[in-house]
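Okay, thanks for coming, everyone.

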Amino acid sequence: MEFINSYKRLEKLCNEIYDDNHGISDYIDDMADTLDGAYYVSNWDDDLKQLKHYRWVRNKIVHEPDCTEENMCESDDSDWLDDFHNRIMNQTDPLSFYRQAIEERTNKRPSKPQDIDFDESEQNAESEKKSNAWIFSVIIIVAAILYFVIKYFLN
């Protein structure tokens with residue numbers, strides 16, 4: 001009965017998370033629907049395979065007359081379920097790791113042009129002022145030369 005108790009405990013936790021009566025199946029469905037989960041989370045496929053296997057074992061024990069824990073389970077099966085329960089509680093389960101990885105990826109997007117550092121924007125403004133002053137000086141010099149050239153030729 002150790003396996004079934006461990007399974008029930010995990011099922012209860014997942015039921016609370018999903019607000020549903022098929023919590024482990026919901027968790028499995030979420031993993032199966034997350035196509036890039038294995039890209040972001042190591043052991044993703046192994047955990048998914050184990051959860052599916054343990055759901056199958058549980059269903060066999062509950063629904064098949066000749067299936068019992070003794071002939072369907074090994075001693076470490078309930079340990080794995082208990083560990084997975086703890087991983088969910090500590091947010092170290094596959095779906096939690098996946099959400100964390102996606103959040104980190106979203107937060108590391110390249111900065112937008114308006115996100116320029118204050119010192120850099122201050123330097124750009126100073127540089128623009130110098131460019132404008134230089135252009136203004138050139139225009140005044142050209143205007144002065146044109147004035148004297150026109151005055152010389154008209155007299």
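A bit of housekeeping before that. This is a predicted model, with local features needing pLDDT of at least 70 and side-chain atom pairs counting only at pLDDT 80 or more, while totals for chains, interfaces and linings use all residues. Residues are numbered from 1 along each chain as its sequence is written, and side-chain values use heavy atoms, with hydrogens and water left out.

So, how many helices and strands are there? The protein has eight helices and zero strands. Of the 155 residues, 27% are buried; buried means under 20% relative accessible area, exposed over 50%, and partly exposed in between, with a 1.4 Å probe and protein chains only. Now contacts, meaning heavy atoms within 4.5 Å. Take the ones with a separation of 6 or more: 62% of them join residues 24 or more positions apart.

Let's look at helix α2, residues 23–33. Which of its residues are buried? They are G23, I24, D26, Y27, I28 and M31. Those buried residues pack against α1 (2–18), α4 (44–63), α6 (77–89) and α7 (94–107).

Take α2 with α4. These two pack at about 145 degrees with axes 10 Å apart; the axes are lines fitted to C-alpha atoms, for helices over the stretch in contact, and the angles run from 0 to 180 degrees between N-to-C directions. The crossing of α2 and α4 is left-handed, which is to say the near helix is turned anticlockwise from the far one by less than a right angle, clockwise being right-handed. From α2 the contact uses S25, Y27, I28, M31 and A32, and from α4 it uses W44, D47, L48, L51, K52 and R55. By type, the α2–α4 contact residues are seven nonpolar, one polar and three charged. For the record, Ala, Val, Leu, Ile, Met, Phe, Trp, Tyr, Cys and Pro count as nonpolar, Asp, Glu, Lys and Arg as charged, and the others, Gly among them, as polar.

Next, α1 and α4. Their axes come within 11 Å and cross at roughly 120 degrees, and that makes α1 oblique to α4. On that scale, under 35 degrees is roughly parallel, over 145 roughly antiparallel, 65 to 115 roughly perpendicular and the rest oblique. This crossing of α1 and α4 is left-handed. F3, I4, Y7 and L10 of α1 meet L51, Y54, R55, V57, R58 and I61 of α4. What types of residue are in the α1–α4 contact? Eight nonpolar, no polar and two charged.

And α4 with α6: an angle of about 120 degrees, axes 11 Å apart, so α4 is oblique to α6. The crossing of α4 and α6 is left-handed. On the α4 side we have D47, Q50, L51 and Y54, facing D77, W80, L81, F84 and R87 of α6. The α4–α6 contact residues split into five nonpolar, one polar and three charged.

Now for some individual residues. D47 sits in helix α4. Is D47 buried or exposed? It counts as buried because its relative accessibility is 6%. Beyond four places in sequence, D47 touches M31, W80, F84, R87 and P94.

Over in helix α1 there's N15. A polar atom of the N15 side chain lies 3.5 Å from the backbone nitrogen of H22. Leaving out residues up to four places away in sequence, N15 touches D20, N21, H22 and G23.

Most residues other than glycine have a negative phi. N43 isn't a glycine, yet has a positive phi of about 65 degrees. N43 is in the loop between α3 (37–40) and α4, and counts as partly exposed because its relative accessibility is 49%. Q91, also not a glycine, has a positive phi of about 55 degrees, and Q91 is in the loop between α6 and α7.

That's my tour, so let's open it up for discussion.

How values were computed
Helices (H or I, at least four residues) and strands (E, at least two) are DSSP runs, numbered from the N terminus. A polar contact is a pair of N or O atoms within 3.5 Å; within protein, one must be able to donate a hydrogen and the other to accept it, and residues adjacent in sequence count only if both atoms are side-chain atoms.
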